Structures are given as C-alpha cells and as structure tokens.
Amino acid sequence: MRIHILTIFPDMFNGPFQHSIVQRAVNAGIIDIKIHDIRKYASDKHNSVDDYQFGGGPGMIMMPQPIFDNVEGILAELTQLELASTRVILTSPQGKLLNQKTVKLFSKQSNIVIICGHYEGVDERVREHLITDDVSIGDYVLTGGEIAAMVLTDAMTRLIPGVVGTEASIEGDSITSGLLQHPIFTRSNTFRDWNVPEVLLSGNHGKIEQWRRRQSLDRTLRNRPDLLVEANLTEDDRAYLRSLGYRDANYS
Ligand code: SAM
C-alpha cells in the first residue's frame with residue numbers, strides 16, 4: 001500500500017513514522033509513505049496556498065488549485081487497476097467519524113491519498129469534486145489535519161497482513177473484537193501491594209478465558225454500552241450481562 005499525505009507542514013511528519021510498527025512496515029516494503037508539500041504546487045511567486053473567504057469571515061481558506069494539482073498528479077501515475085483501489089480522503093471535523101470498520105476498508109486499498117486541511121479548512125470544491133471520503137477522527141477540532149493523517153496511517157498500517165506479529169493480537173483488540181479488551185497484567189505478581197488476579201496465575205485456561213470474557217463484558221458495559229448492541233454475544237454472555245443489571249431491547 002502506498003499512502004500519500006498532502007500537507008503544508010511536511011516537517012510535522014519527521015518522527016511519527018520513524019518508530020515502531022509503522023517504521024518496520026516501511027522498512028519491510030509493506031507500506032510506502034510519501035509526504036507531499038502542497039506549497040510546491042502553488043502557482044504564484046509567494047507560494048500562496050490560502051486566501052480570504054468569499055462573503056467575509058474569519059481565518060484563511062486553503063485554495064483549491066494547489067490541492068487539485070497535487071492530487072491529480074498522484075492519480076495520473078496510477079494504473080486503472082490501482083485507481084479502482086484508491087481513496088482520496090479529506091481530514092475534516094465535518095467528515096464521517098472514523099471507526100475500525102472504515103479503517104479496515106481503507107487498509108485494503110492499494111493507494112490512500114490524505115489531504116490535511118489547515119486554517120479554516122479547504123475550499124468546498126475539494127470536498128465536492130476531488131475526494132472520495134470525508135473523515136473526522138473525533139468530535140473535537142484540531143488545528144490541522146496532520147495529526148488526523150498520522151492517526152489514520154497508524155491505524156491502517158497495523159491491519160495490513162504481515163505488519164503486526166500475530167493476527168490474534170489484532171483480533172483481540174478492543175473495538176475490533178466488538179468489545180473492550182479485558183485487563184492485562186505482567187510481572188511482577190505483586191506490585192506495591194497490588195496483586196495480579198489469582199485466576200491468571202492458576203494455569204486453568206478455561207477459567208482464565210471465562211474471567212477475561214466477563215471482565216471484557218463488564219468493562220464494555222461500563223464504558224461503551226453502545227458496543228453491546230452489535231456485539232457477537234453468547235447465551236452465557238447475555239446471562240452474565242443480565243446479572244450485572246444490563247437490559248437491552250434485544251434480549252431483556
Ligand atoms: N472551520 C473548520 C470547520 O468548522 O469544519 C475547521 C477547520 S480546522 C481548524 C483545520 C483543519 O484541521 C481541518 O481542515 C482538518 O483538516 C483538520 N481537522 C480539525 N479537526 C479534525 C477532526 N476532528 N478530524 C479530522 N481532521 C480535523
């Protein structure tokens with residue numbers, strides 16, 4: 001997969017992709033990340049990429065021409081087959097909220113182009129005529145789309161086969177599994193008088209699995225009860241949830 005990131009602050013990307021799993025994926029040739037400086041596509045001698053808002057209003061707006069030229073230059077290099085597997089994503093607080101399902105869909109594409117907005121955002125014609133997806137990473141407003149592009153890149157990368165060591169570790173992740181993950185512990189057994197739950201030291205795998213599942217249900221009920229509606233629950237799970245006082249229209 002090739003990920004193209006369009007930004008007016010390319011230096012912001014020095015660092016985040018040069019560590020850990022994303023760096024390993026780049027080194028292994030599984031992903032290729034290209035950072036494009038939108039300013040290089042400016043058409044005047046001042047390298048302008050933003051201008052005042054028609055109709056008046058605060059802040060500057062990113063002009064369409066440098067962004068169109070940059071994206072169209074990238075797309076022109078792709079084969080028909082690659083184009084069919086390409087998404088052009090605008091980062092924006094107005095976009096659809098990003099979730100694991102969308103990340104998974106994006107991670108299967110051959111090319112991802114991410115446009116980072118800044119200032120008041122980008123000229124509306126970018127949204128109307130250039131992008132395939134408008135994506136928000138949460139209900140808050142960032143200064144620019146760069147951090148959103150980093151979040152998206154990181155989340156997609158770990159889903160590409162061969163990037164994370166064991167598939168099981170991805171499938172058991174919070175959200176991906178449909179629930180929040182159970183509590184996890186490592187050495188030492190006792191840290192500042194706080195003990196690791198006995199059951200995890202028991203060697204009884206049946207009991208460990210049951211404990212983890214229940215902890216997962218418990219935590220999901222407390223922090224993200226909305227997930228329970230879509231979760232793949234067994235009769236045992238439902239009985240346990242009922243014992244915690246959970247009532248849902250589907251199985252109360
Ligand atoms: N005035 C814009 C609006 O109300 O939609 C917000 C502009 S924001 C200050 C500047 C840029 O940050 C946006 O163009 C977008 O690229 C990025 N951004 C801000 N919040 C974001 C979010 N929640 N998700 C993704 N990108 C975001």
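1. A polar contact here is a pair of N or O atoms within 3.5 Å; within protein, one must be able to donate a hydrogen and the other to accept it, and residues adjacent in sequence count only if both atoms are side-chain atoms. With that in hand, the backbone of Gly138 puts an N or O atom 3.0 Å from a nitrogen atom of the ligand. Leu142 does this from its backbone at 2.9 Å, and Ser92 at 3.3 Å.

2. A word on the source: this is a predicted model, where local features need pLDDT of at least 70, side-chain atom pairs count only at pLDDT 80 or more, and totals for chains, interfaces and linings use all residues. Numbering starts from 1 along each chain as its sequence is written, and side-chain values use heavy atoms, with hydrogens and water left out.

3. Now the shell. The ligand is surrounded by 20 residues (a heavy atom within 4 Å counts as near), and Thr91, Gln94, Gly117, Tyr140 and Leu142 are the closest. By class that makes 8 nonpolar, 11 polar and 1 charged, with Gly counted as polar.

4. Which strand gives the largest share of the shell? That's β5, with 4 residues; β5 spans 86-97, and β7 (133-136) also supplies at least two. Strands are DSSP runs of E, at least two residues, and helices runs of H or I, at least four.

5. Ser216 is buried at 8% relative accessible area (buried means under 20%, with a 1.4 Å probe and protein chains only). Between Ser216 and Asp51 there are 165 residues in sequence and 50 Å in space, C-alpha to C-alpha.

Terms used: Buried < 20%, exposed > 50% of the residue type's maximum accessible area, 1.4 Å probe, protein only.
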